[in-house]
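Have a look at the model first, then read on.

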Amino acid sequence: MTKRKVIIDTDTGVDDALAIMLLAADPEVEILAVVSVFGNCTGERAADNARYVLDTCGRSDVRVYRGSDVPVAQELRLNPGIHGEDGFGNTGLRPEVSVSTEPSGVDVVLELVRQHPDEIDYLAIGPQTNLARALESEPALLQQLRSTTIVGTLGPALYRDTEPWADRRFRVSRDPNVTFDIDAAETVAAREGDVTWCGPYVTRQALVPERFFLEIAESTGFAPAELITKISADYAGFYSRSYPQPGNERVMGINDSMAVAALLRPDLITASVQRPLQTFQDPATGDRYLAGVHAVKDETRPLHRIVVDMDFDGVLEMIGEALRRPLPWR
C-alpha cells in the first residue's frame with residue numbers, strides 16, 4: 001500500500017495538537033516532517049509542543065524541525081489569550097529533549113519536495129511564513145506539491161463586498177493565521193497550484209462540546225485523548241465565553257482538524273468555490289485579510305479552492321475514531 005506523504009506546518013496550539021493526532025493515527029499517512037512556525041505560541045514552543053504530541057502518540061519516528069520564528073516583514077504577534085503562553089493551556093508540558101534549531105525546517109521542506117516531486121500533501125495550520133520563505137527559493141513550489149491545504153482566509157466575500165471581516169463569525173478572532181503574516185499569505189495566494197483554504201468562515205460553524213473529548217478520555221484512558229482534555233481547559237473556556245451556548249454548555253473549536261478532514265476525506269467537503277484571493281484592510285485596526293472574490297473578466301490571478309461547508313458530523317466521527325484507537329499508532 002502506498003501511503004499518502006504529508007508535511008505538517010504548525011504553530012502547535014490546542015487544535016493543532018488534535019490535527020497532528022489525526023494524521024499520526026492514520027495508517028495510510030506517512031508524515032515526512034513536522035515544521036514549526038510562530039502563531040499560537042513562539043516558534044520554539046510550537047516545535048516542542050509538536051514533539052510532545054507525537055511522543056504522547058508513540059510516534060517518536062516522526063521528525064520535528066524548527067521553522068520560522070518571526071514573520072516575513074511585520075512585527076511578531078502571538079495568541080496567548082486563546083492557547084496560553086505555552087500554546088498548551090499554560091500546562092507547562094514539554095518534551096524530554098527540545099527540538100534543535102538545525103537543520104532549518106524550510107530547508108527540509110525544499111529537500112523533501114525535491115526528493116518526492118508531485119507526491120507531497122502540504123498542510124499549513126499556522127501562518128504561511130514557512131511556505132513563503134520556501135517560495136523565495138523555489139517559486140514553483142506549490143506546483144511541485146501534490147496539494148496544499150491551508151487554515152486561513154475569511155472565505156468567499158459577497159459580490160462587491162468591501163468589509164468581509166464584518167461577518168458575525170469573525171467578531172472574536174478573525175483570521176490570525178493570515179493576519180499574523182499577511183505578506184506571507186499574499187505570496188502564497190499569488191501562486192499557481194492545487195491549493196485549498198479552509199478558514200474561519202467554515203471552521204467557526206462547528207463548535208464542539210467539551211464533553212465530547214472528556215467522555216472519550218474517561219471511557220478509554222488513552223493518552224492522546226487525555227492530553228487533549230488536559231491542554232484544552234482554558235481553550236474551551238475562551239470559546240465558551242466568546243460563543244455562549246444554551247445551558248452554558250462549554251464548547252471548543254476544532255479549526256485545524258477541519259483542514260485535516262478536507263485533506264484526507266474530501267468527501268466531507270459539502271461545498272467549495274474556486275476564487276482568486278484579494279487583500280482587504282480594516283481601517284479601524286489596520287489588520288489586513290484575504291478573502292475569495294469573484295473573478296473579473298480576463299482574470300489573471302490564480303484560482304484557489306475555498307471550503308464553504310463541511311459534513312461536521314462526519315468530521316467528529318473521524319476525530320472520535322482516531323482518539324478511541326489504542327496505541328501503538330504505527
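By class, six nonpolar, two polar and three charged residues make up the lining of the second largest pocket. Here Ala, Val, Leu, Ile, Met, Phe, Trp, Tyr, Cys and Pro count as nonpolar, Asp, Glu, Lys and Arg as charged, and the others, Gly among them, as polar. Among the lining residues are Tyr159, Arg160, Phe280 and His294.

This is a predicted model, in which local features need pLDDT of at least 70 and side-chain atom pairs pLDDT 80 or more, while totals for chains, interfaces and linings use all residues. Residues are numbered from 1 along each chain, and side-chain values use heavy atoms, without hydrogens and water.

| Pocket | Volume |
|---|---|
| Largest pocket | about 350 Å³ |
| Second largest pocket | about 190 Å³ |

The largest pocket is lined by 19 residues, and Asp26, Leu264, Arg265, Met318 and Glu321 are the closest to its centre. Its lining divides into eight nonpolar, two polar and nine charged residues. Helix α14 gives the largest share, five residues.

Now for the helix pair. Helix α1 (residues 14-25) packs against helix α2 (residues 43-56) at an angle of about 45°, with the axes 10 Å apart. That makes α1 oblique to α2 (angles under 35 degrees are roughly parallel, over 145 roughly antiparallel, 65 to 115 roughly perpendicular, and the rest oblique). Ala17, Ile20, Met21 and Ala24 of α1 meet Ala50, Val53 and Leu54 of α2 in the contact (heavy atoms within 4.5 Å). The contact residues divide into seven nonpolar, no polar and no charged.

Terms used: Axes are lines fitted to C-alpha atoms, for helices over the stretch in contact, and angles run from 0 to 180 degrees between N-to-C directions. Helices (H or I, at least four residues) and strands (E, at least two) are DSSP runs, numbered from the N terminus. On a 1 Å grid over the protein atoms alone, a cavity is a set of points where a 1.4 Å probe fits but cannot get out, and a pocket is an open set with protein on both sides within 12 Å along at least five of seven lines; lining residues have an atom within 4 Å of a point. Grid points are joined across faces, edges and corners, and a volume is the space filled by probe spheres set on the points.
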